[in-house]
Amino acid sequence: MNTRLHARLRGDFTFLCDCEFYVPDGWFVILYQAMQQISSRLSETSYDIRANVISVRRDASLSIGIECCDDEVDRIIENTELKAETACMVCGKLGKRREPNYMEVLCGKHQNVDGSVITEEQVDELIAAISGQGN
Ligand SMILES: [Zn+2]
């Protein structure tokens, strides 16, 4: 994951400070929104949380390694993993798993592009999306 996006996640959510990320940049927004939901849930409860690794499984699905004995947190995690199934790994827009190997989820624009290093401009766009400024 891009270092700025990574820093933003760790900086904004203290429970992620020991968590490792192996996540494509395009999933930043859904991941960030999920962490906001978990964070607000935790503030309402006394549940403890352990975040280990957030990564991509071999079949291109999102794996959120967060342990918490709260059903609501589990539900947020499940929904987020579900959302990632159709989110482009490069830009986050609607995409689908590519056949035949299902190793990537990509939108129409990115399915024919090699490499998935995003530009600083795209990083700005992702950060704007979570800030709700949309510039
Ligand atoms: Zn895309």
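Helices (H or I, at least four residues) and strands (E, at least two) are here DSSP runs, numbered from the N terminus. The structure is a predicted model, in which local features need pLDDT of at least 70 and side-chain atom pairs count only at pLDDT 80 or more, while totals for chains, interfaces and linings use all residues. Residues are numbered from 1 along each chain as its sequence is written.

A first point to find is the end of helix α4, which is followed by Gly 132, a residue whose phi is positive, near 70°. Helix α4 itself covers residues 120–131, and its 12 residues reach 16 Å from the first C-alpha to the last, close to the 16 Å expected at 1.5 Å a residue, where the expected span is 1.5 Å times one less than the number of residues. The same test can be applied to α2, whose 17 residues should span 24 Å at 1.5 Å a residue, and the 25 Å between its end C-alpha atoms agrees with that.

How do these helices lie against each other? The axes of α2 and α4 come within 9 Å and cross at roughly 30°; axes are lines fitted to C-alpha atoms, for helices over the stretch in contact, and angles run from 0 to 180 degrees between N-to-C directions. The two helices, α2 and α4, are therefore roughly parallel to each other, given that angles under 35 degrees count as roughly parallel, over 145 as roughly antiparallel, 65 to 115 as roughly perpendicular and the rest as oblique. On the side of α2 the contact is made by Phe 28, Val 29 and Tyr 32, and on the side of α4 by Leu 126, Ala 129 and Ile 130, with two residues taken to be in contact if their C-beta atoms, placed from the backbone, lie within 7 Å.

Helix α2 also packs with α3, at an angle of about 175° and with the axes 10 Å apart, and α2 and α3 are therefore roughly antiparallel to each other. Here α2 contributes Ile 30, Leu 31, Ala 34, Gln 37, Ile 38 and Arg 41 to the contact, whereas α3 contributes Glu 72, Val 73, Ile 76, Thr 80, Lys 83 and Ala 84.

The buried residues of α2 are Phe 28, Val 29, Ile 30, Leu 31, Tyr 32, Ala 34, Met 35 and Ile 38, where a residue is buried if 20 or more other C-beta atoms lie within 10 Å of its own, exposed if 12 or fewer, and partly exposed in between, the C-beta atoms being placed from the backbone. These buried residues of α2 pack against α1 (3–12), β2, α3 and α4.

The loops remain. Pro 24 is found in the loop between β1 (20–22) and α2, and Pro 24 is buried, with 24 other C-beta atoms within 10 Å. In the loop between α1 and β1 lies Cys 19, which counts as partly exposed with 18 C-beta neighbours inside 10 Å. Cys 19 and Asn 52 are 33 residues apart in sequence, yet 4.7 Å apart in space, C-alpha to C-alpha; apart from its neighbours within four places in sequence, Cys 19 is in contact with Ala 51, Asn 52, Val 53 and Ile 54.

Asp 48, in the loop between α2 and β2, counts as exposed, with 11 C-beta neighbours inside 10 Å. Ala 60 lies in the loop between β2 and β3 and is partly exposed, with 18 other C-beta atoms within 10 Å. Most residues other than glycine have a negative phi, but Ala 60 has a positive phi of about 70° although it is not a glycine.
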